[in-house]
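Please report on the aromatic pairs, the disulfide, the strand pairing and the nonpolar core of this model. Keep it brief and give the cut-offs.

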Amino acid sequence: QVQLVESGGGLVQDGGSLRLSCAASGRTFSSYVMGWFRQAPGKEREFVAAINWIGSTYYADSVKGRFTISRDNAKNTVYLQMNSLKPEDTAVYYCAADTRGSLFLRVTVATTSSYDYWGQGTQVTVSS
């Protein structure tokens with residue numbers, strides 16, 4: 001069993017920044033592919049970013065150049081640094097873990113079914 005706990009969400013103004021954290025349990029965290037997804041009211045959950053064990057990353061086009069995903073394997077934690085936030089970034093942000101060793105391809109990491117563990121989510125609200 002892997003537990004994921006997100007933190008760092010909140011209310012920020014248009015153009016502001018936030019850093020989300022996701023603390024994971026599990027003795028083999030460094031081998032997991034970790035992803036961030038978000039879900040706005042009335043919309044489907046969508047891919048934001050993913051990172052593998054050696055630090056390779058993928059981003060959604062909508063956040064590329066503004067968001068940065070990173071991980072600290074010593075702390076079993078993955079981060080999402082969000083800069084230049086926009087009102088359309090408002091959503092509940094979820095951390096997810098793929099512990100099954102799926103291929104690290106964009107089509108794979110962007111699919112919710114590739115992940116077998118999810119956090120409870122943290123709210124991010126960007127005011128205009």
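## Aromatic cluster

F37, F47, Y115 and W118 are linked into a cluster by ring pairs. Rings of Phe, Tyr and Trp (its six-membered ring) pair if their centres lie within 6.5 Å; planes under 30 degrees apart count as stacked, over 60 as edge-to-face and the rest as tilted. The model is predicted: local features need pLDDT of at least 70, side-chain atom pairs count only at pLDDT 80 or more, and totals for chains, interfaces and linings use all residues. Residues are numbered from 1 along each chain as its sequence is written, and side-chain values use heavy atoms, with hydrogens and water left out.

The count comes to six aromatic pairs by this rule. F29 and Y32 make one that is edge-to-face, at 6.1 Å centre to centre with 75° between the planes. F29 is buried at 1% relative accessibility, and Y32 is buried at 5%. Buried means under 20% relative accessible area, exposed over 50%, partly exposed in between (1.4 Å probe, protein chains only). The pair of F37 and F47 is edge-to-face, because the ring centres are 5.7 Å apart and the planes lie at 70°. F37 lies in strand β4 (residues 33-39) and F47 in strand β5, so this pair ties together parts that are 10 residues apart in sequence. Helices (H or I, at least four residues) and strands (E, at least two) are DSSP runs, numbered from the N terminus. F37 has a relative accessible area of 0% and is buried. F47 is buried too, at 10% relative accessibility.

## Charges over rings

Two arginines deserve a look. R45 lies over the face of Y94, 3.7 Å from the ring centre. R71 lies over the face of F29, at 4.7 Å from the ring centre. A charge sits over a ring if NZ of Lys or CZ of Arg is within 6 Å of the ring centre and within 35 degrees of the ring normal.

R71 also turns up in the surroundings of N52. N52 sits in the loop between β5 (46-51) and β6 (57-59). N52 is buried, with 4% relative accessible area. Not counting residues up to four places away in sequence, N52 touches Y32, V33, R71 and F104. Contact means heavy atoms within 4.5 Å.

## Disulfide

How many disulfides are there? The count comes to one. C22 is joined to C95, with S to S at 2.1 Å. The criterion is a pair of cysteine sulfur atoms within 2.5 Å. The torsion about the S-S bond of C22 and C95 is about -75°, so the disulfide is left-handed. The link spans distant parts of the chain: C22 is in strand β3 (residues 18-24) and C95 in strand β9 (residues 91-98), 73 residues apart. Both ends are enclosed. C22 is buried at 0% relative accessible area, and C95 is buried at 0% relative accessibility.

## Strand β8 and its partners

Is strand β8 largely enclosed or open? Five of the six residues of β8 (residues 77-82) are buried, so β8 is largely enclosed by the rest of the structure. β8 pairs with β3 in the antiparallel sense over six bridges. Two strands pair if DSSP finds at least two bridges between them. L20 stands opposite L80 of β8.

β8 also pairs with strand β7 (residues 67-72), again antiparallel over six bridges. Here R71 has V78 as its bridge partner in β8. β7 and β8 form a hairpin with four residues between them. N76, in the turn, has a positive phi of about 50°.

## Nonpolar core

A nonpolar core is a set of buried Ala, Val, Leu, Ile, Met, Phe, Trp, Tyr and Cys residues joined through side-chain atoms within 4.5 Å. The largest one has 38 residues. Which of them touch the most other members? They are M34, W36, L80, M82 and Y93. At least two residues of this core come from each of β3, β4, β5, β7, β8, β9 and β11 (122-127).

M82 belongs to strand β8. M82 is buried, at 0% relative accessible area. Leaving aside neighbours within four places in sequence, M82 is in contact with G16, S17, L18, L20, R66, F67, Y93 and V124. M82 and V107 are 25 residues apart along the chain, and their C-alpha atoms are separated by 23 Å.
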